[in-house]
Amino acid sequence: MLNIGQLEDFPDNQAVNLDYDEQAFIVMRRKDAVYVYENRCPHRGIRLEWQTNQLMDIEKQFIQCATHGALFKPETGVCIAGPCRHQSLRACQTSIQDHQVYILIS
Ligand code: FES
């Protein structure tokens, strides 16, 4: 498991970029939960952001593809609107222990 920082390092209700060892991830915190996805759209295989840490729609309800506007649910990674509707971002296994956030990467 890879330690990616303390829970408090991640702003609440925001998604941020995490690049590690040539792998790109999206880290989404909602209160005491953290969701981590590979930063790759299921239909084109490209990164979602238009600028670093700009990964959400304007209301900060969904993770958004900057190129096509597709919306993904933060808690599941499922696309609810856009060209990859019903497909999902690939989730990474996460755990939080003593406020430290870990992800399992392969
Ligand atoms: S690359 Fe798939 S929705 Fe934009």
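Reader: Is cysteine 84 buried or exposed?

Author: Good place to begin! This is a predicted model, where local features need pLDDT of at least 70, side-chain atom pairs count only at pLDDT 80 or more, and totals for chains, interfaces and linings use all residues. Residues are numbered from 1 along each chain as its sequence is written, and side-chain values use heavy atoms, leaving out hydrogens and water. Buried means under 20% relative accessible area, exposed over 50%, and partly exposed in between, using a 1.4 Å probe and protein chains only. Cysteine 84 has a relative accessible area of 0%, so the residue is buried.

Reader: How many disulfides are there?

Author: A disulfide is a covalent bond between the sulfur atoms of two cysteines. Here it is counted when a pair of cysteine sulfur atoms lies within 2.5 Å. By this rule the count is zero.

Reader: Which cysteine sulfur is nearest to that of cysteine 84?

Author: Cysteine 84 is in no disulfide. The nearest cysteine sulfur is 3.6 Å away and belongs to cysteine 79.

Reader: What is the order of the strands in the open sheet?

Author: Strands are DSSP runs (E, at least two residues), numbered from the N terminus, and two strands pair if DSSP finds at least two bridges between them. Four bridges join β1 to β10. The edge strands, each pairing on one side only, are β1 (2-6) and β9 (94-97). The pairing is antiparallel, and the order is β1-β10-β9.
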